[in-house]
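Please view the sequence and the model together, then read the notes grouped by topic below.

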Amino acid sequence: MTTYGTIPTSSPVGGGTSLEYISRAKARLKAGLATSRPWRQMFNLPSITLPSHFTNCFPRIRINLPYFRMNYAIIILLILFLSLLWHPISLLVFVFMMAAWTFLYFLRDEPLVVFNRTIGDKVVLVVLFVLTIALLLLTHATVEILSAVLVGAVVVVVHAAVRRTDDLVMDEEVGGGGSGVAVFPGVASSSSS
């Protein structure tokens with residue numbers, strides 16, 4: 001009996017399951033990082049301009065934050081990582097918690113089961129967030145952590161305010177399969193943005 005073109009429903013016997021898990025983890029990590037926008041697009045110098053009026057900052061921020069959300073998250077995490085270089089215990093806790101986030105939240109493709117009870121994604125998210133904050137605050141690097149997050153937030157908001165939005169292109173699945181050009185309600189595509 002041939003089974004060409006069929007997808008096996010059972011896991012391979014032996015050590016194949018760990019290799020399968022690693023390959024699935026790599027694919028999910030790539031898919032997650034694929035949602036980040038190209039850095040060249042983010043820091044396109046002709047697109048960095050001061051808005052003509054202070055109120056024009058808010059539509060830019062409202063558009064740029066979701067558009068570059070993965071890039072902004074990477075920037076904030078990098079600033080936090082750099083601020084913890086002089087606190088090795090905090091850095092170890094940070095790296096440990098990043099690994100926990102990676103395996104328990106980002107790379108999981110099946111529900112988490114603890115004591116024969118299925119744990120939802122929102123519960124995992126809240127528990128990991130609270131645990132991360134609590135463990136980092138216990139390392140006595142509170143001022144460094146808060147200042148790094150504040151600096152990261154300022155960097156993100158400033159970039160989102162000065163990055164023009166008229167040249168951003170939406171993905172086909174996000175844009176609804178139209179022309180591929182970003183259409184943002186309430187924001188004119190004039191020179192004010």
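A residue is called buried when its relative accessible area is under 20%, exposed when that area is over 50%, and partly exposed in between, with a 1.4 Å probe and protein chains only. By this definition, the buried residues of helix α4 are N71, Y72, I75, I79, L80 and S83. The model is predicted: local features need pLDDT of at least 70, side-chain atom pairs count only at pLDDT 80 or more, and totals for chains, interfaces and linings use all residues. Residues are numbered from 1 along each chain as its sequence is written, and side-chain values use heavy atoms, leaving out hydrogens and water.

**Overall architecture**

- The chain holds eight helices and two strands, where helices (H or I, at least four residues) and strands (E, at least two) are DSSP runs numbered from the N terminus.
- The order of elements from the N terminus is α-α-α-α-α-β-β-α-α-α.
- Of the 193 residues in the chain, 26% are buried.
- The chain exposes about 13,400 Å², of which carbon and sulfur atoms supply 71%; accessible areas come from the Shrake-Rupley method with a 1.4 Å probe.
- Among contacts (heavy atoms within 4.5 Å) with a separation of 6 or more, 76% join residues 24 or more positions apart.

**Helices α3 and α4**

- Helix α4 covers residues 69-83, and its end C-alpha atoms lie 21 Å apart, in agreement with the 21 Å that its 15 residues should span; the expected span is 1.5 Å times one less than the number of residues.
- The cover over the buried residues of α4 includes α2 (39-42), α3 (57-67), α5 and α7 (142-162).
- In α3, the buried residues are C57, R60, I61, I63, N64 and Y67, and the buried residues of this helix pack against α2, α4 and α7.

**The pairing of α5 and α6**

- Helix α5 (residues 88-106) packs with helix α6 (residues 121-138) at an angle of about 175 degrees, their axes being 10 Å apart.
- This angle makes α5 roughly antiparallel to α6, a term for angles over 145 degrees.
- On the α5 side, the contact residues include S90, V93, F94 and M97; on the α6 side, they include D121, V124, L125 and L128.
- By class, this contact has 14 nonpolar, two polar and one charged residues.

**Residue S90**

- S90 is located in helix α5 and counts as buried, because its relative accessibility is 1%.
- Beyond residues up to four places away in sequence, S90 touches L84, L136, T139 and A141.

Definitions and conventions. Axes are lines fitted to C-alpha atoms, for helices over the stretch in contact, and angles run from 0 to 180 degrees between N-to-C directions. Angles under 35 degrees count as roughly parallel, over 145 as roughly antiparallel, 65 to 115 as roughly perpendicular and the rest as oblique. Ala, Val, Leu, Ile, Met, Phe, Trp, Tyr, Cys and Pro count as nonpolar, Asp, Glu, Lys and Arg as charged, and the others, Gly among them, as polar.
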